[in-house]
Amino acid sequence: MEQVQPTTNSRVQRFFDSDIWYSFARNPVAIISAIVTIGMILAAAFAPLIAPHDPFDLAAIDIMDSSMPPVWDAYGDPRFILGTDDQGRGILSTILYGARISLIVGFSSVVFSMIVGITLGLISGYAGGRTDAFIMRIADIQLSFPAILIALLIDGVARGIVPKELHTDISIYVLIFAIGISGWVQYARTVRGSTLVEKNKEYVQAARVIGIRPFTILRRHILPNVMGPVMVIATIHLAIAIITEATLSFLGVGVPPTTPSLGTLIRIGNEYLFSGDWWITIFPGATLVILVLAVNLLGDWMRDALNPKLR
Amino acid sequence: MDLLNINNLRIEFPSRHGTVVAVDDVSLTVQPGEVLGVVGESGAGKSTIGNAVIGLLEPPGEMTEGHVLLKSEQIDTLSPEAKRKIRGRRIGMIFQDPLTSLDPLQTIEQQLVETIDLHLKLGEKKSQERAVDLLRQVGIPDPEHRIKNYPHQFSGGMRQRVVIALALCAEPEVIIADEPTTALDVSIQAQILELMRRLCKDKQVGMIIITHDMGVIADITDRVAVMYRGKVVEEGTTAKILGDPDHPYTQSLISAVPRPDIRLKRFPMVNYIEEEGERTKDIDLSTHWLGRHRDYDAVDGPLLSLKNLVMTFVTKPALLKSNRVTFNAVDDVSFDINEGEVFGLVGESGSGKSTVARMVCSLYKPAAGAVNFAGTDLTRIKSENERDFFRRQMQMIFQDPFSSLNGRMRVMDIIAEPIRFHRLASSNQEVEQIVNDLLDHVGLGAQASVRFPHEFSGGQRQRISIARALATRPRFLICDEPTSALDVSIQAQILNLLKDLQEELGLTMLFISHDLPVIRQMCDRVGVMKTGKLVEVSATEDLFEKPTAAYTRELLDLMPRLDKLSHEGLEVEQG
């Protein structure tokens with residue numbers, strides 16, 4: 001049973017020939033969630049171009065427009081398709097800008113988690129012994145707290161030590177740091193496990209016989225071979241990070257109301273829910289659900305596609 | 001009437017790259033009391049036949065043509081439920097790995113009694129008696145007590161005996177054994193094969209043995225079918241196939257089997273499966289990079305000298321030294337290797353031979369003793385930079401070609417890595433030129449350099465591995481079971497290549513193998529290891545003709561008898 005493998009050197013060609021692409025092209029759920037995710041990312045990225053209004057431009061907001069229902073309601077206004085919030089900002093525009101902040105915070109904290117987690121995981125797995133025990137006990141301790149609690153703690157501490165007038169400017173960085181730190185353990189554990197397997201493989205021993213130093217072995221040989229599971233975790237973690245950001249913002253410790261994220265919008269809308277202004281909270285909420293669902297389904301598919309046992 | 005009749009069997013595996021025909025128009029018969037061997041190299045489709053007969057074909061594989069008759073009754077068209085009843089009851093199975101074919105959570109008794117009761121409906125008491133009786137038949141001492149044990153309390157060979165007892169439980173008419181001894185050491189292999197043959201004759205059971213090993217075929221089978229790419233190319237009595245094969249594939253397969261009795265100059269005509277690489281250009285080693293500036297001095301005395309080497313592993317770690325449980329994987333090993341010599345190290349699994357190799361190339365730090373290389377004790381070197389000078393002179397070829405190459409790197413970068421690390425070339429162009437020449441020199445061709453390891457077969461990967469080892473221009477090469485993961489014809493090619501390179505470059509080699517015939521073909525002197533100790537060191541011919549240690553004699557006696565094999569076209573080296 002020989003396999004005929006055409007030799008192609010173009011990366012693009014190899015991608016379209018790969019099993020991953022084959023699995024993707026035959027999985028409608030994966031295709032739809034990929035389209036939704038990419039669509040939302042593009043919409044958020046180009047928000048200044050496609051949003052009907054700039055919700056951050058105080059001059060363009062008129063308090064007289066506040067709390068308008070969506071356009072299909074009798075009292076709706078064609079300028080505001082999904083209605084307006086309590087300050088007269090168009091809901092559609094705030095969702096586009098809000099998703100932008102949610103995604104920036106989500107992506108940045110995932111990248112931050114990955115850097116911390118992968119580095120510590122590689123060191124832990126390769127060094128072994130006391131270094132390994134030390135790093136893994138810290139991970140265990142952190143795992144015994146809910147992630148949201150750690151994020152809240154870091155957020156609170158940061159607010160305590162930073163002067164009040166700087167809060168608005170740095171709040172987004174604090175948020176990224178808080179969510180990022182609360183998620184590194186997953187990466188560290190996965191990478192440590194894979195590193196333990198990889199470091200005993202003969203290609204690593206061959207590199208050691210050549211004389212390659214540990215740092216280079218980790219970077220050049222082990223890192224590329226442990227990235228598969230990491231990408232799966234990262235996708236699922238992105239959904240969690242977006243939710244965590246929304247939760248923190250909902251609790252009022254996230255981004256300031258002047259630059260609202262999806263979570264902030266849901267919180268603002270929540271106060272008006274009982275006065276009948278449902279649209280302020282439902283539309284951002286629905287956006288959040290769809291975004292997180294799409295990213296999660298994409299992560300699920302990727303996990304199955306990359307797992308040889310389930311194939 | 002044939003006991004088992006496989007007729008025009010065709011098995012296809014549809015896949016996205018097109019349908020793979022794993023088995024093509026295969027017809028085989030087995031008579032009661034007969035052992036039929038099915039031999040072939042990996043991918044020949046021999047295991048697929050076995051799976052199809054017992055109705056355990058893995059999806060998406062399907063039987064598209066042919067039928068299987070058990071005592072004239074067609075069994076391939078039966079319902080899954082009816083097939084399940086035949087499995088174990090009328091057709092027994094023995095698989096390769098005795099570790100995984102027994103349930104670790106149940107005692108041997110539970111597994112045997114359950115199977116016997118299920119098939120023969122004897123009731124618990126009778127079943128128990130029969131289980132003890134079976135264990136006695138397969139040679140397990142003290143079966144009344146041992147039957148209460150769990151699988152992990154048995155050694156590998158004993159466990160395979162239990163698996164055989166399990167296969168015999170319901171007095172099957174046919175037994176299919178898929179590589180039954182591949183996972184076992186030679187000493188145990190011989191006993192198990194003997195047992196299987198005896199049981200087969202006594203009970204008039206028909207047996208199909210699926211194997212890649214000509215030694216197993218020679219030891220146990222009555223008739224042999226040789227498979228090549230899904231087809232049976234030749235079938236006949238064992239004596240005929242081994243002694244006077246007709247088909248060129250069979251001839252090349254047999255000529256590639258390493259001989260325990262004679263030493264060959266090279267393995268002839270072994271390029272049937274994988275084209276043996278042709279070098280496209282000859283390199284003048286006196287001027288080429290590969291032969292040039294070897295800046296090491298000639299040594300007086302041996303190049304490598306091991307003195308009282310000890311390696312200790314901790315089996316039970318503890319904070320206090322006194323509580324730790326340790327064992328000596330290598331215990332007081334000393335030997336010398338002279339420049340230009342090929343030194344073999346042979347022993348069964350767990351004898352510590354690989355550990356010695358890893359201490360020589362500084363992957364492990366010895367607990368005691370000295371590794372003197374070219375007059376310097378490597379265990380005393382403190383700085384990494386100082387050690388690099390010796391690393392360059394000493395390289396290693398590993399056992400498993402599928403894990404010894406980083407799958408994320410192109411072949412060019414894999415082979416260039418040691419050259420770049422040790423700064424052995426002045427420019428990038430020169431590095432590329434050297435890598436291409438090296439690839440050509442190991443018979444791969446320069447166009448291999450832009451490809452990734454997964455695009456190559458096992459034998460080709462081992463060539464890449466050899467090219468990487470040569471890239472530092474070493475004078476000492478450690479080969480740790482370099483061919484034990486390869487098919488026999490590929491093994492012959494790789495051994496030929498190593499022989500050629502050793503001669504051309506005047507390499508000194510430490511050659512590790514569990515396979516005595518391979519050792520005989522490759523080595524000038526041999527050391528025999530047993531449980532961490534060196535029991536004998538002698539010149540190869542002396543070792544095979546007049547061994548001194550009792551353990552060596554034992555190993556030699558257990559080698560499969562291959563004296564029936566054809567000698568045609570072989571060039572014997574006079575030692």
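These legends describe close-up views of a predicted model.

**View 1. The interface of chain B and chain A.** Chain B brings 34 residues to the contact, and chain A brings 24 residues. The two chains bury about 2,900 Å² between them. Carbon and sulfur atoms account for 52% of that area. On the chain B side, Arg16(B), Leu363(B) and Glu417(B) lose the most area to chain A. Together they make up 22% of what that side buries.

**View 2. Salt bridges and polar contacts between chain B and chain A.** The interface holds 3 salt bridges. One salt bridge joins the side chains of Glu417(B) and Arg220(A), at 2.6 Å from N to O. Between the chains, 12 residue pairs are in polar contact.

**View 3. Elements of chain B that touch chain A.** Strand S2 (20-30), helix H12 (384-393), strand S16 (394-397) and helix H13 (411-421) of chain B each give two or more residues to this side. H12(B) gives the most, with 4 residues. By residue class, the chain B side has 13 nonpolar, 8 polar and 13 charged residues.

**View 4. Domain 1 against domain 2 in chain B.** Domain 1 covers 4-44 + 65-238, and domain 2 covers 336-558. Their C-alpha centres lie 37 Å apart. Domain 1 gives 6 residues to the contact and domain 2 gives 7 residues. About 710 Å² is buried between these domains, 45% of it from carbon and sulfur atoms. Glu41(B), Asp185(B) and Val186(B) supply 60% of the area that domain 1 buries here.

**View 5. Polar pairing between the domains of chain B.** The count of salt bridges between domain 1 and domain 2 is 0. The interface has 2 residue pairs in polar contact. The domain 1 side divides into 2 nonpolar, 2 polar and 2 charged residues.

Key
Residues are numbered from 1 along each chain as its sequence is written. Chains are lettered from A and ligands numbered from 1 in the order in which they are written. This is a predicted model: local features need pLDDT of at least 70, side-chain atom pairs count only at pLDDT 80 or more; totals for chains, interfaces and linings use all residues. Side-chain values use heavy atoms; hydrogens and water are left out. Contact means heavy atoms within 4.5 Å. Buried area is the accessible area (1.4 Å probe) that two parts lose on being put together, summed over both. A salt bridge is a side-chain nitrogen of Lys or Arg within 4 Å of a carboxyl oxygen of Asp or Glu. A polar contact is a pair of N or O atoms within 3.5 Å; within protein, one must be able to donate a hydrogen and the other to accept it, and residues adjacent in sequence count only if both atoms are side-chain atoms. Ala, Val, Leu, Ile, Met, Phe, Trp, Tyr, Cys and Pro count as nonpolar, Asp, Glu, Lys and Arg as charged, and the others, Gly among them, as polar. Domain bounds come from an automatic or database domain assignment.
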